[in-house]
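Grab a pencil and get ready to read a protein model step by step. Try each task yourself before you look at the solution.

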Amino acid sequence: MKITPIGVRGSVPAQGKATSCYLIEGASGRIVIDLGSGALTELLKVVDPRAVDAFVLTHLHYDHSVDALMLSHFAGRFVVYTPSSPSDRFSLLKARRNLDIRVISGSSFAEVGGMRIDFLRTEHDPECYAVRIAEGDKSFVYTSDTKYFDRLRLFCRRASLVFADCASHGGPHMIPSDGALLKADGTRVIATHIMPDFDISELGRVGLEVAEPFVSTEI
């Protein structure tokens, strides 16, 4: 399984740098998690959206989902897993006839291209889900936006790789020391969702790597 960050910024994009988007390539399938601001343009540099088996929107904040509306202008039909709230944003996606919308919850799972996707409701508003993708004995977790909570650590345990929302100063997000807690079980953790005012040197001080666009990791 290969994981390629496409956009790693939090809240707002920077010049040439999109907000949240991650490409996961398995032995026989492709999944894209989140389509934030500017993400679709960057994704097109590495893959045709029509070659993606499913898109997963972890929540409907625009820095994670707005380019799903742009996706709907492409020819083809696209499978999109998404929460159903907030209802006004969900209705915009549901109205796009070439988006095959599939609602997710904390008890749901999906099978896509030989990979299993599990979801965990996070400590974040609006409704948001961490995602665990497994293929064979390999697994990848993307925490999406969240505060730290113990069930998240259990969800990440024994994963081959975790991309954690901890490049911020707190609020509705984790901080670097929270990301280090996820690493305590021997899991490799890469920090992402880099906020505009965040000093990434704080991550190095707690032993965390930093996500870089188009720098892939194979597990």
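The exercises below work through this predicted model.

**Exercise 1. The sheet and its edges**

Task: Find the order of the strands in the open sheet, and work out which strands stand at the edges.

Solution: 
- Step 1. Start with the order. The open sheet has 7 strands, and they follow each other as β6-β5-β4-β3-β2-β1-β14. The pairing is mixed.
- Step 2. Look at the two ends of that list. β6 (99–103) and β14 (217–218) each have a single partner strand, so one side of each is left without a neighbour in the sheet. Those are your edge strands.
- Step 3. Now zoom in on one pair. β4 (residues 54–56) and β5 (residues 78–82) run parallel and are joined by 2 bridges. Take Phe55 as an example: its bridge partner in β5 is Val80.
- Step 4. Helix α4 (residues 87–94) lies across β5 and β6, and its direction makes an angle of about 140 degrees with β6.

**Exercise 2. Salt bridges**

Task: The structure holds 9 salt bridges. Describe the one between Glu25 and Lys2, then look at how exposed its partners are.

Solution: 
- Step 1. Check the distance. The closest N and O atoms of Glu25 and Lys2 are 3.8 Å apart. The cut-off for a salt bridge is 4 Å, so this pair counts.
- Step 2. Glu25 sits in strand β2 (residues 21–25) and Lys2 in strand β1 (residues 2–7). They are 23 residues apart, so to speak a link between distant parts of the chain.
- Step 3. Compare accessibility. Glu25 has a relative accessible area of 19%, and buried means under 20%, so Glu25 is buried. Lys2, with 29%, is partly exposed.
- Step 4. Widen the view. Lys2, Glu25 and Arg30 are linked in a network of salt bridges.
- Step 5. Asp100 forms a salt bridge with Arg102, with the closest N and O atoms 2.8 Å apart. Arg102 is partly exposed, at 36% relative accessible area. Arg116 and Asp118 also meet in a salt bridge, at 2.8 Å from N to O. Here Arg116 is partly exposed at 32%, and Asp118 is partly exposed at 22%.

**Exercise 3. The surroundings of Ile6**

Task: Is Ile6 buried or exposed? Which residues does Ile6 touch?

Solution: 
- Step 1. Locate the residue: Ile6 is in strand β1.
- Step 2. Read its accessibility. At 1% relative accessibility, Ile6 counts as buried.
- Step 3. List the contacts, leaving out residues up to four places away in sequence. Ile6 touches Cys21, Tyr22, Leu23, Ala39, Glu42, Leu43, Val46, Pro213 and Phe214.
- Step 4. Thr19 is 13 residues from Ile6 in sequence, and their C-alpha atoms are 8.3 Å apart.

**Exercise 4. One face of a helix**

Task: Which residues of helix α6 are buried, and what covers them?

Solution: 
- Step 1. Pick out the buried residues of α6 (residues 176–183): Pro176, Asp178, Gly179 and Leu182.
- Step 2. Look down the helix axis. The buried residues of α6 fall within an arc of 160 degrees, so they line one face of the helix.
- Step 3. Recall a handy rule. An α-helix has 3.6 residues a turn, so residues three or four places apart point the same way.
- Step 4. Find the cover. It includes α5 (150–156), β11 (161–165), β12 (189–192) and α7 (201–205).

Note on methods. Residues are numbered from 1 along each chain as its sequence is written. This is a predicted model: local features need pLDDT of at least 70, side-chain atom pairs count only at pLDDT 80 or more; totals for chains, interfaces and linings use all residues. Side-chain values use heavy atoms; hydrogens and water are left out. Two strands pair if DSSP finds at least two bridges between them. Helices (H or I, at least four residues) and strands (E, at least two) are DSSP runs, numbered from the N terminus. Contact means heavy atoms within 4.5 Å. Axes are lines fitted to C-alpha atoms, for helices over the stretch in contact, and angles run from 0 to 180 degrees between N-to-C directions. A salt bridge is a side-chain nitrogen of Lys or Arg within 4 Å of a carboxyl oxygen of Asp or Glu. Buried means under 20% relative accessible area, exposed over 50%, partly exposed in between (1.4 Å probe, protein chains only). The arc is that of the directions from the helix axis to the C-beta atoms.
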